Amino acid sequence: MKNLSSKEKGFLGEERVVNFLVNKNYQILFRNWRTKFGEIDIIALDKSNLNGDTLVFLEVKTLPSGNAETLEKELSVTKQKKIVKTSKCFLLEYRQYKYDYIRYDVVVVDMPGQEPIWHIENAFSEYS
């Protein structure tokens, strides 16, 4: 992975995350969903909830040389607000999901000191 560009590392990280999520009973709806406000890396339904599906907006960070401070900087409050605003655009366009539970997760790939794929459920909320 050393000689790959950031974009290539990110793509490979997202591929791994998609496989990870599918194995955890998630249904992938969209990847790299964009609006003029921003992009959401993965939008999926978590099918494991007994009370119904949870719509999950996932931010993927591939950080092979990162640490907690790097992650915090990458997921600034500004970035979180951008993801929330973009998710609201999604919900306006895809009204069939408006009654589902909604969650904002972060998945960190290859960060030293953590699992190879570290899934942080409810990493932030609209009100963070």
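This is a predicted model: local features need pLDDT of at least 70, side-chain atom pairs count only at pLDDT 80 or more; totals for chains, interfaces and linings use all residues.

Colleague: How many residues line the largest pocket, and which lie nearest its centre?

Modeller: The lining comprises 23 residues, and those nearest the centre are Ser6, Lys7, Gly10, Glu14 and Val60. At least two lining residues come from each of α1, β1, β2, β3 and α3. The space in this largest pocket is about 470 Å³.

Colleague: Next, I wish to read the sheet. What is the order of its strands?

Modeller: The sheet is open and has 5 strands, in the order β1-β2-β3-β4-β5, with mixed pairing. Its edge strands are β1 (26-34) and β5 (117-124), each of which pairs on one side only. From one strand to the next, the twist averages 30 degrees.

Colleague: How many bridges does β1 form with β2, and in which sense do the two pair?

Modeller: There are 7 bridges between β1 and β2, and the pairing is antiparallel. These two strands form a hairpin, with 4 residues between them.

Colleague: What is the general rule for side chains along a strand?

Modeller: In a regular strand, side chains alternate between the two faces of the sheet. As for burial in the present case, β2 is mostly covered, with 7 of its 8 residues buried.

Colleague: Which strands do the helices lie across?

Modeller: Helix α1 (residues 6-23) lies across β1, β2, β3, β4 (101-109) and β5, and runs at about 155 degrees to β1. Helix α3 (residues 77-93) likewise lies across β1, β2, β3, β4 and β5, running at about 140 degrees to β3.

Colleague: How does one judge the length of α1, and what follows this helix?

Modeller: One compares its span with the expected value. The 18 residues of α1 reach 26 Å from the first C-alpha to the last, close to the 26 Å expected at 1.5 Å a residue. After α1 comes asparagine 25, whose phi is positive, near 75 degrees.

Colleague: Which residues of α1 are buried, and what covers them?

Modeller: The buried residues of α1 are Lys9, Gly13, Glu14, Val17, Val18 and Leu21. Their cover includes β1, β2, β3, β4 and β5.

Colleague: Finally, is lysine 36 buried or exposed?

Modeller: A residue counts as exposed when its relative accessible area is over 50%. Lysine 36 has a value of 78% and is therefore exposed. Its place is in the loop between β1 and β2. Lysine 36 and leucine 4 are 32 residues apart in sequence, and their C-alpha atoms are 28 Å apart in space.

Terms used: Residues are numbered from 1 along each chain as its sequence is written. Side-chain values use heavy atoms; hydrogens and water are left out. Two strands pair if DSSP finds at least two bridges between them. Axes are lines fitted to C-alpha atoms, for helices over the stretch in contact, and angles run from 0 to 180 degrees between N-to-C directions. Contact means heavy atoms within 4.5 Å. The expected span of a helix is 1.5 Å times one less than its number of residues. Buried means under 20% relative accessible area, exposed over 50%, partly exposed in between (1.4 Å probe, protein chains only). On a 1 Å grid over the protein atoms alone, a cavity is a set of points where a 1.4 Å probe fits but cannot get out, and a pocket is an open set with protein on both sides within 12 Å along at least five of seven lines; lining residues have an atom within 4 Å of a point. Grid points are joined across faces, edges and corners, and a volume is the space filled by probe spheres set on the points.
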